[in-house]
Amino acid sequence: MDTSNLYVDHLAWCGLIALNMARQAGAVSSAAQENLFLCRWLATAEKKRLFRRELANDIRWLLREGREKGLRADLPGKLEYLWQASSSDLLAQNDLFRLQHVMHVITLTGINYGVLTESDWEGRQALKMNPKIPAVFLRKSDLETGFDEQGSLIKPLATRITAELSAVDALLSRAGWKRKADVGNPLLHLLITDIQ
């Protein structure tokens with residue numbers, strides 16, 4: 001585990017503890033109040049520089065998510081996810097968790113990520129991909145049928161990638177995934193696990 005993960009682990013843990021203390025004190029009793037509490041907590045952490053400098057971007061990102069998306073941001077869920085992903089051995093998690101981790105990290109790097117329906121994936125109304133805009137798109141039907149109830153991969157996932165492949169490969173590899181290119185379509189790839 002690299003040290004930056006230790007720092008994110010600490011930030012997420014502190015946020016979750018603060019939220020749980022506010023719940024126990026009765027100051028927070030709804031999802032809207034949780035979002036408001038965490039936005040205020042993050043704003044205070046940013047203003048007073050309560051955490052290491054390496055976490056400044058993470059704090060700004062969480063704060064922006066909470067302010068712009070409101071309840072949809074699910075700040076408690078994001079903190080829980082960050083804590084789980086950075087405090088435990090990522091490769092010991094199931095395939096679905098590790099894929100979610102990769103896609104979350106991909107969005108943090110500025111690469112667009114999305115899940116496409118069948119009509120968006122192929123046909124006359126299919127999404128036209130611009131090779132100049134870095135993106136990773138998964139097919140929704142593959143996500144729905146590609147994992148068993150334990151979150152283990154049971155079939156490869158079709159993926160369209162316009163992002164720099166070496167960068168995507170590095171992120172995939174870190175989480176126990178790998179990519180196989182389709183020789184007929186340079187944007188089409190299959191994602192498979194790299195853990196036996």
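Modeller: Before we start, a salt bridge here is a side-chain nitrogen of Lys or Arg within 4 Å of a carboxyl oxygen of Asp or Glu. Keep in mind that this is a predicted model.

Colleague: Okay, how many salt bridges does a search of the whole structure find?

Modeller: Side chains of opposite charge can pair when their charged atoms come close. Searching the whole structure for such pairs gives a total of 10.

Colleague: How far apart are the closest N and O atoms of arginine 23 and glutamate 34?

Modeller: This pair links distant parts of the chain, 11 residues apart: arginine 23 sits in helix H1 (residues 3–24) and glutamate 34 in helix H2 (residues 31–47). Their salt bridge has its closest N and O atoms at 2.8 Å.

Colleague: What separates glutamate 65 and lysine 69 along helix H3?

Modeller: These two form a salt bridge, with the closest N and O atoms 3.1 Å apart. Both are in helix H3 (residues 56–69), and because they are four residues apart there, the separation is about one helical turn.

Colleague: And what is the relative accessible area of arginine 98?

Modeller: Arginine 98 meets aspartate 95 in a salt bridge at 2.9 Å, N to O. Both lie in helix H5 (residues 95–108), three residues apart. Aspartate 95 counts as buried at 12% relative accessibility. Arginine 98 is buried too, with a relative accessible area of 2%.

Notes: Residues are numbered from 1 along each chain as its sequence is written. This is a predicted model: local features need pLDDT of at least 70, side-chain atom pairs count only at pLDDT 80 or more; totals for chains, interfaces and linings use all residues. Side-chain values use heavy atoms; hydrogens and water are left out. Helices (H or I, at least four residues) and strands (E, at least two) are DSSP runs, numbered from the N terminus. Buried means under 20% relative accessible area, exposed over 50%, partly exposed in between (1.4 Å probe, protein chains only).
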